[in-house]
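Please keep the sequence and the model in view while reading.

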Amino acid sequence: MLFKSSRIAVLSGLAALALAAGLNAATPQRIKSTEDMNSRAGPSINPETAPGRPIFERACAMCHLGGVPKAPSPGFLAMLAPDAIVTAMTSGVMRQQAASLTPAEKIQVAEYLTRTPYASYQRPAPPPRCKGAAARFDMTDVPADIGWGHDNRRFIPAGIAGLAKADVPKLKLKWAFAYPAATHIRSQPTIGWGTLFVGSQDGTVYAFDPDTGCTKWTTRLSAEVRTAIVTDAATKRLYFGDLLGKVHALDAMTGKELWASKMSDHADATITGTPTLGGGLLYVPVSSLEVVQAGNPAYPCCTFRGSVVAVDPETGAEKWCAYTAGQPVPQGKTVDGTQILGPSGAPVWNSPTYDAATNRVYFGSGENYSTPADDGSDAIFAVDARTGARVWHTQLTLGDAWNVGCMMGLGSCPKEGGPDYDVAASPLLIDTGTGAKMLVIGQKSGQAWGLDPDSGKVRWMTRLGHGGTQGGVHFGMSAEGNRVFVPINDMADTGDARLYDPAIRGAGLHALDAATGNVIWQAKAKDNCEGRKFCDPGISAAVTSIPGVVFGGHLDGMLRAYDADSGAILWQYDTTQPMPAIGGQTAKGGSMSGPGAAVWKGKVFVNSGYGMYSHAPGNALMVFEVAK
């Protein structure tokens, strides 16, 4: 009964409750296509009339629409930089397949896929290179084992943060950087050896001087850097995952790529959660965008299985793979006559949590993509860190199979119809101060859970919001001691025609006692959007805490610092305002989602911009410091 209670937030069959709350039951609308979720900056190409469309359909579609298992889908290709696609067809991996195309046709294909006019895609000059002392790495500033990739509690101790609670209201913008040709930034900034490391949408990794914004080196790879940059103090290496499902290792001092390894043969596999170092291995979560493919009723959904793959940090060689969903097999056909394959999905969106004391790895899964829903979806897993053998798993929501076809009302929607209650945020292993540890879980259902890390048994559950397709907990919680800070997204209208109860909307930040799940305080976010498109007040991005303070970036572009004792707002900054940026550019943020803030030696580093999935675009990296 406890698990089934997670369905109560979706009120699609209870329109009377919504009317009683003053909400028009006819208000929620379905998206008509996946294009409706995109928010673009600058001029765009109409895919229906684009000259590149017939060229793609003639020369590329056979492979990229499922004909070749490893060929990325158009949805994936749409997120690449236009020049990266042209380069791939001219001198890269697709040069033989595209040999019959003229240079103009290759550009037209890139324009069709990315919806971006090639003539408008102008890469500005790179940031200035550092000289003198700024170009050197501070070898005394050894990166600490904190944050994604090391410790998912996202707490930064005072000695590293160097920022007192009393000084937070004095924070001012020190410098900003405009990521080239970017509408979203999904790589968590990381600091080590006196250097700021961060990735970008076009695949460039930057090593910035934190004081001035000059670059010590830059390295451009083939696809968007999707995760945090993980520092390895012992080897001076950097690890991260990209959009196309590869993990990379770079030399932190030079930016030279040491190895790259693809984590799955599935064409739509990607890496969303940050790889985690621990016990001599690198644990890589594997997710996918196949969930979007079902927006095409002719697509046989689905064949992807979520997993965590352990690799050797020295070489990238796979040591073990732990799957979440069962093996997909034919399950009949949709009303459109398209083959159904299942079970599938259960992607791992979050950064795994490694526990050295038990040598276990903990991680959560998302929904199944197709019927039948199995016991691997919306679940927490504990596996042996050396072998990947499952120790236990606990399913939080039963019967959750969902894909984008459900948002559009298509026959490709599984019979279960959702509710799409992923465990998208990393599990937090918390010392409760009572002599026992608790595994605290945040779910898109709007619930927080406390699980016994030894057995997986549920110890408590606290509802903080109504949850939903874009509701509940998204990218990451934080903890200071036994207090857990839980951000809630809870969009009112998610484009899937669902109706949610506004009385339990939890958009904002909440503090819980890890031992009991009791609410310490709640800071609901005020809706200041005033009808602006792609604007919502909730917190989708991961939050970060330092002693006494929690930093949270909102979907409306507001970056706020909250008092960890009361939830009061100590400081805020509107990241959507235009800002002078390094190199004479202009930076402008948008919705804040994905990564959160990093804090180091009195500076706060944060990205703003998430131009996808019905959120506002932006291109800003910002560095704040106490005004002197």
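Why is strand S30 (residues 549-553) largely enclosed by the rest of the structure? Strand S30 is largely enclosed because 5 of its 5 residues are buried, where buried means under 20% relative accessible area with a 1.4 Å probe, protein chains only. Strands are DSSP runs (E, at least two residues) numbered from the N terminus.

This is a predicted model, in which local features need pLDDT of at least 70, side-chain atom pairs count only at pLDDT 80 or more, and totals for chains, interfaces and linings use all residues. Residues are numbered from 1 along each chain as its sequence is written, and side-chain values use heavy atoms, with hydrogens and water left out.

In a regular strand the side chains alternate between the two faces of the sheet. From S30, Val549, Phe551 and Gly553 point one way, while Val550 and Gly552 point the other way.

Two strands pair if DSSP finds at least two bridges between them.

| Pair | Bridges |
|---|---|
| S29 (residues 544-546) and S30 | 3 bridges |
| S30 and S31 (residues 558-563) | 5 bridges |
| S7 (residues 237-241) and S8 (residues 246-251) | 5 bridges |

Val550 in S30 stands opposite Ser545 and also opposite Tyr562 in S31. S29 and S30 form a hairpin with 2 residues between them, and Gly548 in the turn has a positive phi of about 85 degrees. The hairpin of S30 and S31 has 4 residues between the strands, and Gly557 there takes a positive phi near 90 degrees.

Elsewhere, 4 strands form an open antiparallel sheet in the order S6-S7-S8-S9. Its edge strands, S6 (230-232) and S9 (257-262), each pair on one side only.

Notes:
Buried means under 20% relative accessible area, exposed over 50%, partly exposed in between (1.4 Å probe, protein chains only).
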